[in-house]
Amino acid sequence: MMKPASRTSVSHDNGRGLHMGTMEAPALSSPMAWLKRTATDRDVCAWNRFVGGTLLALVVLLFLSGAFLAFYYSPVPGTAYDSVDFTLFEAPFGNIIKGIHHYAWNLLLVLTIFHLVRTLVAGAYRTPRRLTWISGGTILVLLPLFIITGDLLPWDQRGYWSTQVRLSIIASIPLIGEITVRVLQGGALTGIVALTRFYVLHILFLPCILLGCIVAHFYFVARHGLAERVMTTSSSAKRIPFWPRVVNRWLLTLLVTALLLVMLSHFWPPPLGDPADPTDSTYIPKPEWWVLFLNQMVAIFKGKWAVLGTTVIPGVLTGLLFMLPFLDRSPDYRPAQRRMILVVAGGIAAGIIVLSLMGYSEHFS
Amino acid sequence: MPFQFSNRHCSVYLLMIVALLWSGTALGASKQILEAAEVKAGPTGLDDAIWNEAEAIQVPFEGKEVFAGQKASVATKAVYTDQAIYFLFKWKDPTLSVVKGAWKYGGSKWEHQKGNEDRISLLFEINRINNFATKGCAIVCHVPPGASNAKNGKFGTSTAAEKGDLWHWKAARSDPAGVADDTWLTKITDEKGGRKSDDGSGGDQRNMTEDKSAPKYMPAPGQTLGKHDILLAAHAVEIPSDMVFKTGDTLTYRMPKKHEGSRGDIQAESHYAGGGWTVMLSRALDTGNEDDVAFNTRRKYNFAMALFDDSGDENSYDSEVITLQFK
């Protein structure tokens, strides 16, 4: 039996990271020369391992489509809805761009979860890739913040009342809940100040943080390399030039992803509900798919136990996500050697799926 | 064995796409939705088989004022072509009401008959009317006392930026001319209500003498009365001084005029039979007029309806807001 490759080396030179003989920084005067000198594992271009590249493509598309939407958007309650309506139905290709923005985050979230699960199964959160895992986990935690801040921006019924529900959940968090809501809302009601703050968070602060996390994540990937293959102990020794092979593959991924999103947007235009009516408390927003399990926990734990659903369980899950590299004491990265971790992770995943199905049944059946 | 992409993994990706699509479509409102079916050619009449392409919804109406506590229901359908949209309405009404104060000769003098007319009206948004999508006519037509957008029984919107398109089919005053009165709604002022007629001409002409004691017009020679024996303004001539009427003779009081320009955009056809009305309204999707809602088949529209059973504006049956969407 082949002995697994050492997993304790922090060197870029473990045969799977970017490799330039030495990991020197690119000379500013010749980034192309730096790119041309850089070689990487051939596995990088295996398209079933190109999820990270696809995620980057989605982020780029989200940034570009978001910039387009910002040209037309007016962050004032009286005009926000009309500006989105105009973008969607009057602006050239507005429905397509809005659709790309709408569907890209859905796909981003789905693929990020998929990426996380695959990394978990591959054991790629272990040394030396702890920081790769933590930076990736931070990106995952950031995504809902984008969604939460972005949902309010069209100022439609669903966004407004979903925000109200989320703010009430945040407010129930002990110690920091109410002050957090006050900071987000800027007052007692969700009005112009809240919309402005959500907008600034959505287009400025969160993108900056996300960009930093992505840079850090790719730096750690480059430094520590790809995870070993899940089902084999062998490692591809073949290396390929980063330029043009990997860059071309990524550009192709960007193009294909963009085309997929354009088709989705064309055939299933992005939704825009009725304008927000803060006086219409009869409106009950339906939770989106990614929040169904959290919503269900809030529904299960009521009264003095509400804190379990709103704070304790989500907090523990988030903590486990970040602590996993330090909790896993398994002797080896292979799944068979990490049964306990995978069983616990599988149990948590099953719980999330069951709660989501219960939520779906309650809200959509 | 190396980790290879297989059908199993393909299924995972497909599931992701399904989840993605689901996430975009699973969210919906609980309002009643009228789906306009796309057809190649518009219906030629009330009984055209093309109407079978569209699914009817039963729109419930709640009575207001004298009709308080009563309910009504209108079966509503819509179809559209690349040029026009067509609505079909059917509702029960045991009495045909088209009198609208028509004159009746009593042997020595003329008197107005008692009776109003049946009507149905639709209100769309030209520009967004604040909270119309959730509250409908309750915020523009049937507002509570003291509301800023209502005064002395008149109503309108709260700001000039909010504009509504009011389609008003009147059994006596517009239907005989083959139209629904095309009007629009804007901000109410201290002097005037917010209801305006669209550009152009139309409406009806009052048939009365200067002292308002008798009709002034009668059918011109060679002209016949229109639908429901209503005299059209275009077919009327002044009553000669030597004209002799018999007791019981009647003459139309509100003579429908020919609707031209933007005011005549909405074509109407109707039939009263078996204790109920069937009314078809049609209009170009986009008339190009600023006082009309321009229908873009990619988007949804909120509208609300009111039904008047032999009654004036104050007494009506009102619907909740309905969403019109194009299939």
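Predicted model: local features only at pLDDT ≥ 70, side-chain atom pairs only at ≥ 80, totals over all residues.
Author: Two residues are in contact if their C-beta atoms, placed from the backbone, lie within 7 Å.

Reader: How should I read the packing of two helices? Take α5(A) and α11(A): what are the angle and the distance between their axes?

Author: Two packed helices are described by the angle between their axes and the distance between the axes. Helix α5 of chain A covers residues 130–152 and helix α11 of chain A covers residues 306–327; they pack at about 165 degrees, with axes 8 Å apart. Angles over 145 degrees count as roughly antiparallel, and α5(A) and α11(A) are therefore roughly antiparallel to each other. The crossing of α5(A) past α11(A) is right-handed.

Reader: Which residues of α5(A) and α11(A) meet?

Author: From α5(A) come Arg130(A), Trp133(A), Ile134(A), Gly137(A) and Val141(A), and these meet Thr318(A), Leu321(A), Phe322(A) and Pro325(A) of α11(A). By class, the residues of this contact are 6 nonpolar, 2 polar and 1 charged.

Reader: At what angle do α5(A) and α6(A) cross, and which residues make the contact?

Author: Helix α6 of chain A spans residues 157–171; its axis and that of α5(A) come within 7 Å and cross at roughly 130 degrees. That angle makes α5(A) oblique to α6(A). Here α5(A) passes α6(A) in a left-handed crossing. On the α5(A) side the contact consists of Ile148(A), Asp151(A) and Leu152(A), while α6(A) supplies Gly159(A), Tyr160(A), Ser162(A), Thr163(A) and Arg166(A). These residues divide into 3 nonpolar, 3 polar and 2 charged.

Reader: How do α5(A) and α8(A) cross, and how do the residues of their contact divide?

Author: Helix α8 of chain A runs over residues 192–224, and its axis and that of α5(A) come within 9 Å, crossing at roughly 160 degrees. The two helices are therefore roughly antiparallel to each other. The crossing of α5(A) past α8(A) is left-handed. The residues of the contact comprise 17 nonpolar and 9 polar, with no charged.

Reader: Into which domains is chain A divided, and how many residues of each are in contact with the other?

Author: The division gives domain 1 (38–284) and domain 2 (286–365). Their C-alpha centres lie 21 Å apart. In chain A, 17 residues of domain 1 are in contact with 17 residues of domain 2. On the domain 1 side, the elements that give two or more residues are α4 (94–122) and α5 of chain A. The helix α5(A) gives the most to this side, with 5 residues. The residues of the domain 1 side divide into 11 nonpolar, 3 polar and 3 charged.

Reader: How is burial read for a single residue? Is Leu111(A) buried or exposed?

Author: A residue is buried if 20 or more other C-beta atoms lie within 10 Å of its own. Leu111(A) lies in helix α4 of chain A. This residue has 20 C-beta neighbours inside 10 Å and so counts as buried. Leaving aside neighbours within four places in sequence, Leu111(A) is in contact with Val51(A), Thr54(A) and Leu55(A).

Reader: Where does Tyr72(A) lie, and which residues does Tyr72(A) touch?

Author: Tyr72(A) is in helix α2 of chain A, which covers residues 51–72. With 17 other C-beta atoms within 10 Å, Tyr72(A) is partly exposed. Not counting residues up to four places away in sequence, Tyr72(A) touches Ser83(A), Phe86(A), Thr87(A) and Ala91(A). Tyr72(A) and Tyr125(A) are 53 residues apart in sequence and, C-alpha to C-alpha, 42 Å apart in space.

Key. Residues numbered from 1 in each chain as written. Chains lettered and ligands numbered in written order. Axes fitted to C-alpha atoms, helices over the stretch in contact; angles between N-to-C directions. Helix = DSSP H or I, 4+ residues; strand = E, 2+ residues; numbered from the N terminus. Parallel < 35°, antiparallel > 145°, perpendicular 65-115°, else oblique. Left-handed = near helix turned anticlockwise from the far one by under 90°. Nonpolar A, V, L, I, M, F, W, Y, C, P; charged D, E, K, R; others polar. Domains from an automatic or database assignment. Buried ≥ 20, exposed ≤ 12 C-beta atoms within 10 Å, placed from the backbone.
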